[in-house]
Amino acid sequence: GTEDGGLAKFNLQTRDFRMKTLLHNGTKVVNIQSLCIDGDNMWVGTYMNGLLKVNCETLEIVNQYPYLNTNNVVCILKINSCELLLGTFSGLFYLNEKTKSAYKVPGAENFFIHTMHKDAEGQIWIGTFSDGLYKLSNKGHQFIAEKTSFSRFGIGTIYEDSNDNLYIGTNGTGVYLYNEKKSMTTPIVLSEKGQDNFSVCSIKEDYLGRLWISTSDGLYCYDNRKGAVAHLTGENGLPTSQFNFASAYKSGSGDLFFGTYQGLIYMQPKEIVQEDIKLPKVLFTGFKTTDFESGYVKDTLILNHHQASFSLDFSTTSHSSLGFIWYRYRLKGKDQDWTLSKGSQRIQFAGLSPGTYILEVQASFQNNIWEGEPTTLVITITPPYWKHPIAYLIYMLVLIILIYFTIRWYRRRTSLRHQ
C-alpha cells in the first residue's frame, strides 16, 4: 500500500510492480494506510475512503462498508473471518461483516489508534499515537479498552517474537521489552545515542531469532540472545535511513520487506549473517602529530615531549557484513575505565606527561560482550633533555662536586684561621 500511488502488487519472480488505483464512489483511492489478507481477498484501510475489500488477483473492490462511521482506517486486526478491529484517527472500531454492524470500542473512543497486535494468549494490545498502550477485555459481549502500566505515550509498533516476548516500539523514545504480569519495562539499547533519538516503525524476526527493527534512523538488527546490535543506514546501501510506520512484511520463505520514504526494501536474512567468530585483534593503522605522520604502528611507540599530543588510527582486518563494530579502549597509566566507541576508529591524545603508558583496544560485534585479549601498544613519552634521567644524574654529580669543593674550601679556610 502506498500513500500516493494506490495499490502496488509485487511479483517476486519477475521483480515487477503492478500498480492499481482503486475507484470508490467515483473517487480515486491513492492513499493506502493498511492491508489485511482474508483468503483470496484483502481488507484495505484508506485515508478519506474508509474500509474496502479487494480481490487479491484482480485488485477490484468486492465489498464496501457504508455502516462504518469513519473515512480513515489506519490499521486492521482480523479477529476471525467476519470480525475486525479497526484503528482510526478518531478511535477504535469493532466491525462485524456478517451482521453488517460496527461500534466504537469504549475506552478508546477518541484516540488516534496507530497499531494493534493479538498475542499468543489471545490478548489484544492497542497502541495509540499519543495516549500510550491499551489492552482489550471482552465484557458482556463487547470490547472495552483499558490503559496498561506502560509509561511511554507514542506507540509506533507492537511485536511478539517466537519466544512470546512483547516488544513495544515508540515514536521518539526507542523500543522496549514489556512484561505486564511482572510490571517490567526494559529498554532495548540499539544506539549509543540512547532511547530519545529515533522512532521505531516496524519489527520483524528472522530465521535466527534476530529482530530487524526499522526506525527513523535506519535499520537495526538485534540479537537478544547475545546482546548484539547491528545498524544499517544509507552508508550500507539502503536508499534512505527513514522508514515508514507499520510498513513491514515477512514472507513464507523468511524474506523481509520494509517500506521507506524512497521505496520498498527486499532482503533475505539468510544472506546477511553476523559473524559468530571472534574478531581478529585490532591493528594500529596510522599515527599523526602536528608535524609528523606514519602508517602502521606495531608494538611500541616512542615519542619526544614535543609529540605528546597526537592521534592514533586503528582497524580490524575483518569487516562485518552488517558494517557494525564496537570498540573500547583505555590508556593504562592514565585511565581506569574503558571508553566505548561505535564506528569511530581514531583516538586523540593531548599533552601526555612524560612516562610509559599501555594502550589497550578491543573490537566486538556486541557492545557488552568482549572476548579475548585486547591489542596493546606501549607508548613512551620521553622527557625533555633537562628532565632526562641522565640529566638528573649530571645534576647530582654537579651537586656532589659542588658540595665536595664547598666542604674542602670551608676546611681549608678554617685551617688557615687556626694557623
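**Entry 1: a pocket**

I began with the second largest pocket and found that β19 gives the most to its lining, with 3 residues. Strands here (E, at least two residues) and helices (H or I, at least four) are DSSP runs, numbered from the N terminus. Before going on, I noted that this is a predicted model, where local features need pLDDT of at least 70, side-chain atom pairs count only at pLDDT 80 or more, and totals for chains, interfaces and linings use all residues. Residues are numbered from 1 along each chain as its sequence is written, and side-chain values use heavy atoms, with hydrogens and water left out.

I wrote down what a pocket is: on a 1 Å grid over the protein atoms alone, an open set of points with protein on both sides within 12 Å along at least five of seven lines, whereas a cavity is a set where a 1.4 Å probe fits but cannot get out. Lining residues have an atom within 4 Å of a point.

I looked up the volume of the second largest pocket, which is about 410 Å³; a volume is the space filled by probe spheres set on the points, with grid points joined across faces, edges and corners. Its lining has 16 residues, and D164, Y178, N179, E180 and K181 lie nearest the centre. Two elements give two or more residues to this lining, β19 (175–179) and β20 (184–188).

I then sorted the lining by type and got 6 nonpolar, 4 polar and 6 charged residues. For this, Ala, Val, Leu, Ile, Met, Phe, Trp, Tyr, Cys and Pro count as nonpolar, Asp, Glu, Lys and Arg as charged, and the others, Gly among them, as polar.

**Entry 2: aromatic rings**

How many aromatic pairs does the structure hold? I found 23 of them. Rings of Phe, Tyr and Trp (its six-membered ring) pair if their centres lie within 6.5 Å; planes under 30 degrees apart count as stacked, over 60 as edge-to-face and the rest as tilted.

I picked F112 and F129, which are stacked at 5.0 Å centre to centre with 25° between the planes. This pair links distant parts of the chain, 17 residues apart: F112 sits in the loop between β12 and β13 (113–118), and F129 in the loop between β14 (124–128) and β15 (133–138). I checked exposure too, where buried means under 20% relative accessible area, exposed over 50%, and partly exposed in between (1.4 Å probe, protein chains only). F112 counts as partly exposed because its relative accessibility is 24%, and F129 counts as partly exposed at 31%.

Next came F150 and Y178, whose ring centres are 5.5 Å apart with planes at 80°, so I filed the pair as edge-to-face. F150 lies in the loop between β16 (143–147) and β17 (155–160) and Y178 in strand β19, so the pair ties together parts 28 residues apart in sequence. Both F150 and Y178 are buried.

I also noted one aromatic cluster, formed by F10, F17, Y249, F257 and Y266.

**Entry 3: strand β6**

Strand β5 (residues 32–38) pairs with β6 in the antiparallel sense over 6 bridges, and S34 has G45 as its bridge partner. Their hairpin has 2 residues between the strands, and G39 takes a positive phi near 65° there.

On to β7 (residues 51–55): 5 bridges join this strand to β6, and the two run antiparallel. W43 has K53 as its bridge partner. In the hairpin of β6 and β7, with 4 residues between the strands, M48 takes a positive phi near 80°.

**Entry 4: an open sheet**

Last, I looked at an open sheet of 4 strands in the order β21-β22-β23-β24, with antiparallel pairing. Its edge strands, β21 (200–205) and β24 (228–232), each pair on one side only.

Key
Pairing = 2+ DSSP bridges.
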